[in-house]
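Welcome! Please take a moment to look over the chain shown here, and then we can walk through it together.

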Amino acid sequence: MTSITLRHLNDDSSWLIIFDNFTILLDPWFFGSQTDYCTCFSSQEHASPSSIQDIQRDLAMNIDAIVISHEFTDHCHEQTLRSLSPTIPIFATTNAAKHGQLVNLTLHNLTNQRTQSNMPKTISVGYIPERKLFSLPSLHGATCLSFLVNDQQWHSILYIPHGCEQSSIREWLSQQSNVKICVLLQGFDRVFNPIWLGGLLNYGCRQAAELAVAIGAKYWINTHDENKIARGFVSKFLKRNNHTIENAKIELEKYQNQTERTKLHSIANGNSFVIDLTE
């Protein structure tokens, strides 16, 4: 394996990750709205159309696996999942797998870092829950996609759309013997509700910048930053501190060292980014 490609499929948090001979679709939500509990409570839709509307028509490649990070329907979107081939295996965190059962979708439970059936032995997927007092581990945590390069070195993509405490990631890293963090996928924006509606939802660029440097991530790429069209009760209280890539650069420079520097990128809807693993 000499390179991987990350393709951003919408302005939010749907990704295509292309390895040498294996392709993973991450949190697909291509069309329609997403609802939490009921539309009068919380409903959202994309502010701009996804670059992918029909996976077979718009994407000239096979999908080998789907990974779902959270049970919330902007990540586990039933309408999109039903539009995909039922032969594609879907791997999901515990709560997302339970949600799949409720709507008669078969999602394979994903609880820790291990090689999954239907995946090459050179690729493993797992979930790192946040471990702290009063944490929401189904919301705050990291989906980890690891891949073996040249049969020697494991590299990982940490997909953290809502954020995860640094201590939880460092604890996981301390248990690994041969892992480098290739990409941190985490957003710039800080998103929050009143405490009685969940409190802090997305940690934002300050925490992400500090985490990227602390774990030695080669790249930090933002995700889950779309300012979606929101309706319902929750939308009256939801607050978002928007941060540009320039804001993120300022935060990153506060923590950067001169030897191993994290590179910052933002990938637009429909665009791809190729990472050379030989560098």
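With which side chain does the side chain of Ser13 make a polar contact? The partner is the side chain of Thr223, at 2.8 Å. Keep in mind as you read that this is a predicted model.

**Around Ser13**

You can find Ser13 in the loop between strand E1 and strand E2 (15-18). Its relative accessibility is 2%, and because buried means under 20%, Ser13 counts as buried. Leaving aside residues up to four places away in sequence, Ser13 touches His8, Leu26, Asp27, Tyr159, Pro161, Thr223 and His224.

**The sheet that holds E1**

Strand E1 belongs to an open sheet of 7 strands, in the order E8-E7-E6-E3-E2-E1-E19, and the pairing is mixed. At the edges stand E8 (108-110) and E19 (272-276); each has a single partner strand, so one side of each is left without a neighbour in the sheet. On average, neighbouring strands of this sheet are turned by 25° against each other, direction ignored.

Strands of a sheet pair through backbone hydrogen bonds, in either a parallel or an antiparallel way. Both senses can be seen in the two pairs below.

| Strand pair | Sense | Bridges | Residues standing opposite |
|---|---|---|---|
| E1 (3-8) and E19 | antiparallel | 5 bridges | Ile4 and Ile275 |
| E11 (153-159) and E12 | parallel | 6 bridges | Leu158 and Leu184 |

**Strand E12**

Strand E12 covers residues 179-185. Is this strand largely enclosed or largely open? Of its 7 residues, 5 are buried, so E12 is largely enclosed by the rest of the structure. Its partner in the table, E11, runs over residues 153-159, and Tyr159 is one of the residues that Ser13 touches.

**The chain as a whole**

Stepping back, the chain has 6 helices and 19 strands. Its radius of gyration is 18 Å, close to the 19 Å that the globule rule gives for 279 residues, so the chain is as compact as a globular protein of that length. Along the principal axes, the C-alpha atoms fill a box of roughly 50 × 45 × 35 Å.

How much of the chain is buried? Buried residues account for 52% of the 279. The accessible surface comes to about 12700 Å², and 49% of this belongs to carbon and sulfur atoms. Finally, consider the contacts between residues at least 6 apart in sequence: 64% of them join residues at least 24 apart.

Methods: Residues numbered from 1 in each chain as written. Predicted model: local features only at pLDDT ≥ 70, side-chain atom pairs only at ≥ 80, totals over all residues. Heavy atoms only, no water. Pairing = 2+ DSSP bridges. Helix = DSSP H or I, 4+ residues; strand = E, 2+ residues; numbered from the N terminus. Axes fitted to C-alpha atoms, helices over the stretch in contact; angles between N-to-C directions. Buried < 20%, exposed > 50% of the residue type's maximum accessible area, 1.4 Å probe, protein only. Polar contact = N/O pair within 3.5 Å; in protein donor to acceptor, adjacent residues only side chain to side chain. Contact = heavy atoms within 4.5 Å. Rg over C-alpha atoms; globule rule 2.2 N^0.38 Å. Areas by Shrake-Rupley, 256 points an atom, 1.4 Å probe, with all protein chains shown as cover.
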